[in-house]
Amino acid sequence: MEALLPTQAGTASRPWPYQPRPLPDELLSSYMVRLALGMDLKPITFLNTVWGSTRNLLAQDLDNFVPHRIAARIQMGARIQLDAVHSMTLPSYVGTLLTSHNPRGRNPWLLPITVDNNRRHRHGLQFCPICLATDAAPHFRRRWRVAFVTSCTTHGVLLRDRCPTCQEPVHQHAAASPRHCAACGGDLCATAPAVAFHDHLLWQTELEAALLRGWTLLAGEPTRAHVMFAIVRQIAALLVNGKRADRLRAEVSRAWGGDPAPYAKPTARQPIEYLDVSERHRLFDMVSRLMRGWPHRFVHVCNEAGLHRSHAIKDMTDPPFAYEAVLRAYMDRTPYCASEPEVAAAAEWLRRTQGRATYRELKRICGESREAIYRHMDYERRQATPSRWRMQAVLASGLVDGAIEPGA
Ligand SMILES: [Zn+2]
Ligand SMILES: [Zn+2]
C-alpha cells in the first residue's frame, strides 16, 4: 500500500483506505496496530493523527476500556460495526467470564498492565511466540489477557508475558512491529518456548470452550460459564493465599500430584492476576487436578487440610449457589443429621460388610441422628429370641454374644 499522509488517516469523517476485518479473537489494541501498519504509519503516529496527542492513548489500556469517541471513529474509519469494535475488548467477557466489568479498577480474571507515564508496569499482555511468528498477520488474542490462559492450546507451549531478552512487558503501540520489543527492539519470538503440561492443555481447552459457549458441565450439570469461572478462581485463590494454602497444596500434591511450592508474590494476599505466567501455569495445573471429578477431590483435600466452609468462602462477595451447595453438603461445621432411611441404609450396609450394625459404627457414619440410630442398631445384649439377621451375623462373624456396645 502507498504511504499515506497522516492527515488522510486523521480526516474526521472519512473512512480509512485500509479496512481490515478483525481476525478471530483479535484484541482491539492489536487491531489498531494492524490498522496503522496497513496505512504505513507508526502506531503512535496513527493514534496521534486520528485522536490528537493531548490525551495520550499510549497511557491507556484501550482493551480494558475504549471511550466512545474512539470506538465510533474506528467504526467509521474501518467500516465495521460498533459491536465488532466492542467485541475485541475485555468488557465483552461480561456474561461468560465476568458478571460485571469495572472500567477503572481491577477485574477478576483480567490481567492488569498498569500503565503509568507511557510505561507498562505489569506483564498483563501475554502471547504465544509460535502464533506471532507464524500468523499471516501477527496479532494478539483477546484471551491472552485472561489469567487462566497460560498456554497456547494450538501449539502446546507456555505463553510468554515479557520480552525474552530484556524481560520488559509487551507494548505493541510503541514497538516497531507486533513481534518486536518496544524496550530493546529484540524479537519476542526468539528462543523456543517451554512445553505446557499436557493435562493442563486439555483442561484449558475445556475452559476456553466454556468461554465461547457460555456454559459448561459441572459435576454433570449444565452450568453457566461465569459460575464455573467464579468457582475456579476461588479455588485458585485458596491455593495461593491464606493460612491454610500451604497445607492445601501439600494435600493436593500428595494425593494427585502437582508442584506444592509457594507462589512467588510480593505481598501476603494478592490477586492471582498479579502472578506471572509460569506461576499461574503451575497454579492452574494444580487447580485442574483438584477439580477433576468435582467436587469430591476438593472436599477430600479440604477435610485433610482442615479447611471449613467459612474458609472456603472467604473473600467471595457473592458465592455461586453451585459452590455453596457443595460447601453446605460436605463441609458445613453444623453437624448433618442423617435421615431415617439413611440410617437404615447405613445399618444394612454395616451388616453386609461387617456382620452387624453397632451403635459406635452408626454414630461414626450418621452423626447425631441418635433416635434413628437406636431404632436401626443391632443390640449386643442377650435376646430371648435373636432375630434371623442376628443369628446370621453371629454365624458369619463368629462373634461371641453378650458384649454390650458402649453408649448403647
Ligand atoms: Zn500458539
Ligand atoms: Zn526487550
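Two residues are taken to be in contact if their C-beta atoms, placed from the backbone, lie within 7 Å. The model is predicted, and local features need pLDDT of at least 70 while side-chain atom pairs count only at pLDDT 80 or more, whereas totals for chains, interfaces and linings use all residues. Residues are numbered from 1 along each chain as its sequence is written, and chains are lettered from A and ligands numbered from 1 in the order in which they are written.

**View 1. Helices α14 and α15 and the contacts between them.** Helices (H or I, at least four residues) and strands (E, at least two) are DSSP runs numbered from the N terminus. From α14, the residues E342, V343, A346, A347 and L350 meet E361, L362, I365 and C366 of α15. The axes of α14 (residues 340-354) and α15 (residues 359-366) come within 10 Å and cross at roughly 130°, with axes being lines fitted to C-alpha atoms, for helices over the stretch in contact, and angles running from 0 to 180 degrees between N-to-C directions. That angle makes α14 oblique to α15, given that angles under 35 degrees count as roughly parallel, over 145 as roughly antiparallel, 65 to 115 as roughly perpendicular and the rest as oblique.

**View 2. The largest nonpolar core, with 90 residues.** A nonpolar core is a set of buried Ala, Val, Leu, Ile, Met, Phe, Trp, Tyr and Cys residues joined through C-beta atoms within 7 Å; a residue is buried if 20 or more other C-beta atoms lie within 10 Å of its own, exposed if 12 or fewer, and partly exposed in between, with C-beta atoms placed from the backbone. Within the largest core, I235, A236, L239, L283 and V287 touch the most other members, and helix α8 (residues 225-240) gives the most to this core, with 12 residues. At least three residues of the core come from each of domain 1 (6-174) and domain 2 (213-330), the bounds of which come from an automatic or database domain assignment. Beyond its neighbours within four places in sequence, A236 is in contact with I272, L283, F284 and V287. Apart from this core lies another, of 11 residues, among them A346, A347, L350 and C366.

**View 3. The peptide bond between W294 and P295.** This bond is cis, with omega about 5°, and P295 is placed in the loop between α10 (277-291) and α11 (296-304). In general, most residues other than glycine have a negative phi, and most peptide bonds are trans.

**View 4. Positive phi values at A219 and D315.** A219, in the loop between β5 (215-218) and β6 (221-224), has a phi near 50° and is partly exposed because 13 other C-beta atoms lie within 10 Å. D315, in the loop between α12 (309-312) and α13 (321-330), has a phi near 70° and counts as exposed because it has 11 C-beta neighbours inside 10 Å.
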